[in-house]
Amino acid sequence: GEGGNITESNPTGNDVQVTANKMTAITRLSNELLNDSAIAFGDFVAREIAYAFADKEDEAVFNGDGTSTYGGHTGFREKIKGLSGTIANIAGLTVGSGNAYSEAALIDFEAVVGNSPAYVNNPYWIMHKATFWATAGRLMLAAGGVTYTELANGIRTPMLLGYPVVFAQVMPRVEANSQVYALFGDFNLAAKAI
């Protein structure tokens, strides 16, 4: 009311820490092979190192368990599972209809989107390519409405419930109990690449 006191409120945040790790790679390549070969071995080695770095980063971001194998980082999947000892109690986790990929139901994916907070503006799915086709892709094709042209040409950017799907080959491809096999969200709100 008029003349009344306003209760002070202050924003709070989590204790965010950055642990920088140096990733390195070393290989030996003779000058003769590097300079005299018809194949561009320097380019080949550079591509292989870049691929190894990207794979290691993905492993840490998605599967990291806090051990030295992952540079001490805890990835999204382990962080989510670590929120509670009882998976059903984790607010941001949707438990699937069954233990096998063949038991996944469209309502499971719909529930994930429905449980997403309103402030998530640019979400996308992350899952292994094989897992996508064993679950969501199978369900979408079974729902009908797909033309021969779509089956023949495929879809250049896989989508699920109107959101893009990004394939990460380090995500689970083999079904197992109590695993997080798909992620959905705006990962720019959760992490930043430098």
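Predicted model: local features only at pLDDT ≥ 70, side-chain atom pairs only at ≥ 80, totals over all residues.
Let me begin with Tyr101, which sits in the loop that runs between helix 3 (76–81) and helix 4 (106–115).

Although Tyr101 is in a loop, it counts as buried, because its relative accessibility is 7%, and the cut-off for burial is under 20%. If we set aside neighbours within four places in sequence, Tyr101 is in contact with Thr131, Ala134, Thr135 and Arg138, and also with Pro172, Arg173, Val174, Glu175, Gln179 and Tyr181. With one of these, Gln179, the side chain of Tyr101 makes a polar contact of 3.0 Å.

Thr131 belongs to helix 5, residues 129–134, and it counts as buried because its relative accessibility is 0%. Beyond four places in sequence, Thr131 touches Tyr101, Ala136, Pro172, Arg173 and Tyr181.

Now to the core. Tyr101 is one of 12 residues in the largest nonpolar core, where the others are Ala104, Phe109, Trp125, Met127, Phe132, Ala136, Leu139, Leu160, Val165, Tyr181 and Phe184. Two elements give two or more residues to this core, namely strand 1 (124–127) and helix 6 (136–142). Apart from this core lies another one, of 10 residues, including Phe62, Leu93, Val180 and Leu183.

Leu161 is found in the loop between strand 2 (159–160) and strand 3 (163–167), and it counts as partly exposed because its relative accessibility is 36%. Its phi is near 55 degrees, a positive value in a residue other than glycine. As a reminder, most residues other than glycine have a negative phi.

Turning to the surface, Trp133, Leu141, Val146 and Leu151 form a nonpolar patch, and together they have about 380 Å² of accessible area. Of these, Leu151 lies in helix 7, residues 148–153, and it is exposed, since its relative accessible area is 54%.

How many salt bridges does a search of the whole structure find? The search finds one, and it is formed by Glu78 with Lys81, whose closest N and O atoms are 3.4 Å apart. Both residues lie in helix 3, three residues apart, which is about one turn of the helix. Glu78 is partly exposed, with a relative accessible area of 29%, and Lys81 is likewise partly exposed, with 24%.

Finally, a look at the segment before helix 1 (31–36), where Ile6 is found. Ile6 counts as exposed because its relative accessibility is 80%.

Definitions and conventions:
Residues numbered from 1 in each chain as written. Heavy atoms only, no water. Core = buried A, V, L, I, M, F, W, Y, C linked by side-chain atoms within 4.5 Å. Buried < 20%, exposed > 50% of the residue type's maximum accessible area, 1.4 Å probe, protein only. Helix = DSSP H or I, 4+ residues; strand = E, 2+ residues; numbered from the N terminus. Contact = heavy atoms within 4.5 Å. Polar contact = N/O pair within 3.5 Å; in protein donor to acceptor, adjacent residues only side chain to side chain. Patch = residues over 30% accessible without salt bridge, like charges linked within 9 Å, V, L, I, M, F, W, Y side chains within 5 Å. Areas by Shrake-Rupley, 256 points an atom, 1.4 Å probe, with all protein chains shown as cover. Salt bridge = Lys/Arg side-chain N within 4 Å of Asp/Glu carboxyl O.
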